[in-house]
Amino acid sequence: MTVMTTPNAYAGTWATFAETHDAPAWVREIRESAWAKFEELGFPTVRDEDWRFTDVSALAENAFALASGAPDAVRATQLSDLRLGESETATIVFVDGTYQPTLSRTSGLPGGVVAMPLADALREHENLVRPHLGSLSGDDREAFTHLADAFLRDGVFVHVPNGTAVTGAIHVLFVSTSGRDTMTFPRVLAVAGESSEVVIVEDHVGLGEGRLFANAVTEIVVGANAKVSHYFVEQSNEDSYAVSTLYVSQSRDSDFSSHSALLGGALVRNNVFPTLNGENCMSVLNGMYVPRGHQLHDNRMRVRHAEAHSESRQYYRGILDGRAKAMFSGRIIVDEGAQKTDAVQSNKNLLLSADALVETKPQLEIYADDVKCTHGATIGQIDDEAIFYCEARGIPVETARRLLVFAFVNEIFERMELDPLRERLQRIVAERLNERE
C-alpha cells in the first residue's frame, strides 16, 4: 500500500508564489485559507476510499515547478484543428498558464456578456466575481481543490446577464507545451444569470512532451430558469497528470448538462459535483473515457439533490485497450425533504484487451422517502454473436469490431449538441480504433 508524503515539497513554491503574485486582499485570504486546508489534508492516499484505485504518490513526492508561458510558444496554426468554426462565438487561450491575447477573440459576444481573463476581472468586475469565486469549492474536502485555490492567480471569468442568450460557444483553451515537472492551475468561473443561456467548452490540450501536472477547478453558477451546457475535453500528452473538478450550483427551474471526454494523460481524475439547490432542476452528466496503453482514467460523480421535484441523469461509457485502467464512482445524494426526486445513473464499459481493468462503484444515499432512483453498471467485451451476425452479412471481422465499438460509445456522442466538437471527438475515437487494427 502506498503512503503519500506531506505537502511540504510544495511549501517553498507556494511561499514564493504568495510573495511575488500580488492580488486583492480578499483573494489573498482565499489563497491562505486554502493552503492551510491543503496542509491539513495532505495529498490523498490509496487508504482513502475515494482514491483507493488511484495512486498520486508521484505528485506528492515530486515538487512540480510553476509553468511560465512563453508568448511565442504556440502559433495560431497549431490550434486550427481545435477551433469550432461558426459555432465559436469567443475564444480565450492560455498557454502554460499564461493568457495569450493574440490567440484569443471575444469580439463576437452579445452586449453585457463578460468573457475575459480572471486576473483582469478581479480588477474590473470585482462586484461580479467576488460573491462567487471559491464559493462552491472552498468548503469541499478535496485536497487538490484547495491546492488549486492556494495557487489562484488567473483563469477565465464568464458572466451572462439575466435574460441573455449567447449564440455559439465560449471556447476556453488551456494548452500545455513541452516541459518537465511543471504545473498549471487552470481556472474557470462562470455565472449564468436568471433565464440566460450559454455553452462553454473547456479544452485541455498537450502539444509537447514531458511530465506535466494540471490541476483544474471550474465553478459554474446556474441561475433560475437558466440553461448551461459545459463541455470538458482532456487531451494532454500521455506523460501528464491531470486532475479536474467541476462544481455546479443550480437554482430553481434550471437546466445543466456536462459532457466529458477523457482521451489523454497518464493519470486523469475527473470530478463532477453538481448540486441541485432549487426545485424543478434538470442535471445531465454525459461522458466517455478511452484510455489505452498504461493510461488511467478515474471518474467521480457526486450529484446532490437538495430540493424536491428535480431530476438528474448520469451516462458514462468507457472503452479500454492495452493495460489501461479506469474507475467510475457515481454517487447520488438525496437530502431530507428532496421528495419526488428522479435520478438515474448508468455506467457501461467495454474491454478490448484481456489486460484492461475497470472498477465501477454506483452509490445511492437517500434521506427522503418519496423518490425514484436507479443505478446500473456493466463491464464486458464485444459480443461474439454480434460479430458473427455482421460476418454473415459480408462485413469483415475487423470492420465489424470497429462498428460495434463505435456504436457502443455513439450514444454519448448523440447527446452532444455542439456539432463541431462532437465530430472532432468522433474522428479521434475512429482513428484510435483504426490504429488498433
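Let's start with two helices. α7 (residues 384–392) and α8 (residues 397–414) pack at an angle of about 125°, and their axes lie 9 Å apart. Axes here are lines fitted to C-alpha atoms, for helices over the stretch in contact, and angles run from 0 to 180 degrees between N-to-C directions. So α7 is oblique to α8: under 35 degrees counts as roughly parallel, over 145 as roughly antiparallel, 65 to 115 as roughly perpendicular, and the rest as oblique.

Before going on, a word on the model. It is predicted: local features need pLDDT of at least 70, side-chain atom pairs count only at pLDDT 80 or more, and totals for chains, interfaces and linings use all residues. Residues are numbered from 1 along each chain as its sequence is written, and side-chain values use heavy atoms, with hydrogens and water left out.

Back to the pair. α7 passes α8 in a right-handed crossing. The rule: left-handed if the near helix is turned anticlockwise from the far one by less than a right angle, right-handed if clockwise. Which residues of α7 and α8 meet? From α7, Ala386, Ile387, Cys390 and Glu391; from α8, Val397, Ala400, Arg401 and Leu404. Contact means heavy atoms within 4.5 Å. By class, that contact has six nonpolar, no polar and two charged residues. Ala, Val, Leu, Ile, Met, Phe, Trp, Tyr, Cys and Pro count as nonpolar, Asp, Glu, Lys and Arg as charged, and the others, Gly among them, as polar.

Second pair. Helix α2 (residues 25–41) and helix α6 (residues 143–150) cross at roughly 145°, and their axes come within 7 Å. This crossing is left-handed. On the α2 side, the contact includes Trp35 and Phe38; on the α6 side, it includes His146 and Leu147. Eight nonpolar, one polar and three charged residues make up the contact of α2 with α6. Helices (H or I, at least four residues) and strands (E, at least two) are DSSP runs, numbered from the N terminus.

On a 1 Å grid over the protein atoms alone, a cavity is a set of points where a 1.4 Å probe fits but cannot get out; a pocket is an open set with protein on both sides within 12 Å along at least five of seven lines; lining residues have an atom within 4 Å of a point. Grid points are joined across faces, edges and corners, and a volume is the space filled by probe spheres set on the points.

The largest pocket holds about 420 Å³. Its lining has 35 residues, and closest to the centre are Asp96, Gly97, Thr184, Phe185 and Pro186. Which strand gives the most to this lining? β10, with four residues. Overall, the largest pocket is lined by 19 nonpolar, eleven polar and five charged residues.

The second largest pocket is about 310 Å³. Of its 15 lining residues, Leu136, Asp140, Tyr247, Thr275 and Arg302 are closest to the centre.

Last, the cavities. How many reach 30 Å³ or more? Four. Among the residues lining the largest cavity are Glu202, His230, Phe232 and Ser244. That lining has three nonpolar, eight polar and one charged residue.

The second largest cavity holds about 50 Å³. Phe232 and Ser244 line this one too. Strand β12 gives the largest share, three residues. Six nonpolar, two polar and one charged residue line the second largest cavity.
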